[in-house]
Amino acid sequence: MVQALEKLVEELCSLPTIGRKSAWRLALFMLERPAEELTELAQSIATIKQKIVHCRVCYNYSERETCAICSSANRDGGLICVVARPTDVFAVERAGRYRGAYHVLGGVLSPINGITADKLRLAELVARVKNNRPHEIILGLGASAEAETTALYCARLLSGLPVRITRLARGLPAGIELEYVDQLTLSQALHERTQVGGQSSQP
Ligand SMILES: [Zn+2]
């Protein structure tokens, strides 16, 4: 029994998608790497929390107070795609067609798991729409039942405000998170988005 090795395996096991077998493989792989490489990896992990903050505008992860997307002159700040998690921002960005901004809610409604409306950045979304007057909100919340409920909830929250509300076209695989949707499907769903509320005129 090598205690230090077993402890590392335990730690690795706590990561998502890493089972015990993979954890052992990773740990043994690490043991064979040069010490400096491991120190670099350990430092990246140790400092990630200090280096990365939530963008004060869209709540995506960022190294600066305002993220690169929110501060870019090439993006349309009047078009806001509401997503559940930062990984969804990466998914939409990967699809490569979107030129608007984002609003990261921090999850989807799931009362059974204690995720109620007050746990998500819904008030922030309403405030943003009121203050910044975007012309369109795209509900990009995926196709699970919880995502659908959250999208409906958002549409209702925003219904009295002067903004067009759309959602990704149907055709996303049912029950799947946005991050697992292939780029073409996601890109199409964005392009063929349908209106669910708010102003009827095109921007
Ligand atoms: Zn941002």
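Me: What is the geometry of the site of the zinc ion, given the angles among its four donor atoms?

Reply: The model is a predicted one. In it, the zinc ion is coordinated at 2.3 Å by the SG atoms of Cys 55, Cys 58, Cys 67 and Cys 70. Four donors count as tetrahedral if all angles lie between 85 and 135 degrees. The angles here run from 106 to 115°, and the site is tetrahedral.

Me: Which spacing do the donors of the zinc ion follow along the chain?

Reply: The donors are Cys 55, Cys 58, Cys 67 and Cys 70. Written as a pattern along the chain, their spacing is C-x2-C-x8-C-x2-C.

Me: How many residues apart in sequence are the parts that Cys 58 and Cys 70 tie together?

Reply: Cys 58 is buried, with a relative accessible area of 2%, whereas Cys 70 is partly exposed at 24%. Cys 58 lies in the loop between β1 and β2, and Cys 70 in the loop between β2 and β3, so the pair ties together parts whose separation in sequence is twelve residues.

Me: Is Tyr 59 buried or exposed?

Reply: Tyr 59 lies in the loop between β1 (53-54) and β2 (61-62). Its phi is positive, about 70°, although Tyr 59 is not a glycine. The cut-off for buried is under 20% relative accessible area. Tyr 59 has 18% relative accessibility and therefore counts as buried.

Me: Is Arg 133 buried or exposed?

Reply: Arg 133 also has a positive phi, near 45°, in a residue other than glycine. Arg 133 lies in the loop between α5 (122-132) and β5. Exposed means over 50% relative accessible area. With 60% relative accessibility, Arg 133 counts as exposed.

Me: Which strands stand at the edges of the sheet?

Reply: Five strands form an open sheet with mixed pairing, in the order β4-β3-β5-β6-β7. The twist averages 35° from one strand to the next. A strand with a single partner has one side left without a neighbour in the sheet, and the two strands placed so are β4 and β7.

Me: Which residue in β7 stands opposite Arg 167?

Reply: Strand β6 (residues 164-167) and β7 run antiparallel and are joined by three bridges. Across from Arg 167, the residue in β7 is Thr 194.

Me: What angle does the direction of α6 make with that of β5?

Reply: Helix α4 packs on the sheet, touching β3 and β4, and its direction makes about 160° with that of β4. Helix α6 (residues 145-158) packs on the sheet too, touching β5 (136-139) and β6. The angle between the directions of α6 and β5 is about 160°.

Me: What distance separates the C-alpha atoms of Ile 165 and Gly 198?

Reply: Ile 165 lies in strand β6 and is buried, with a relative accessible area of 0%. Beyond four places in sequence, Ile 165 touches residues including Ile 137, Ala 155, Val 196 and Gly 198. Ile 165 and Gly 198 are 33 residues apart along the chain, and their C-alpha atoms are separated by 5.4 Å.

Me: Which element supplies the largest share of the largest nonpolar core?

Reply: This core has 25 residues, of which Tyr 98, Tyr 102, Leu 168 and Leu 186 touch the most other members. At least two residues each come from β3 (76-83), α4 (86-95), β4 (100-104) and α7 (183-191). The largest share, four residues, comes from α4.

How values were computed: Residues numbered from 1 in each chain as written. Predicted model: local features only at pLDDT ≥ 70, side-chain atom pairs only at ≥ 80, totals over all residues. Heavy atoms only, no water. Core = buried A, V, L, I, M, F, W, Y, C linked by side-chain atoms within 4.5 Å. Buried < 20%, exposed > 50% of the residue type's maximum accessible area, 1.4 Å probe, protein only. Pairing = 2+ DSSP bridges. Axes fitted to C-alpha atoms, helices over the stretch in contact; angles between N-to-C directions. Contact = heavy atoms within 4.5 Å. Donors = N, O, S within 2.8 Å, 3.2 Å for Na, K, Ca; no water. Tetrahedral: all angles 85-135°; square planar, octahedral: opposite > 155°, others 65-115°.
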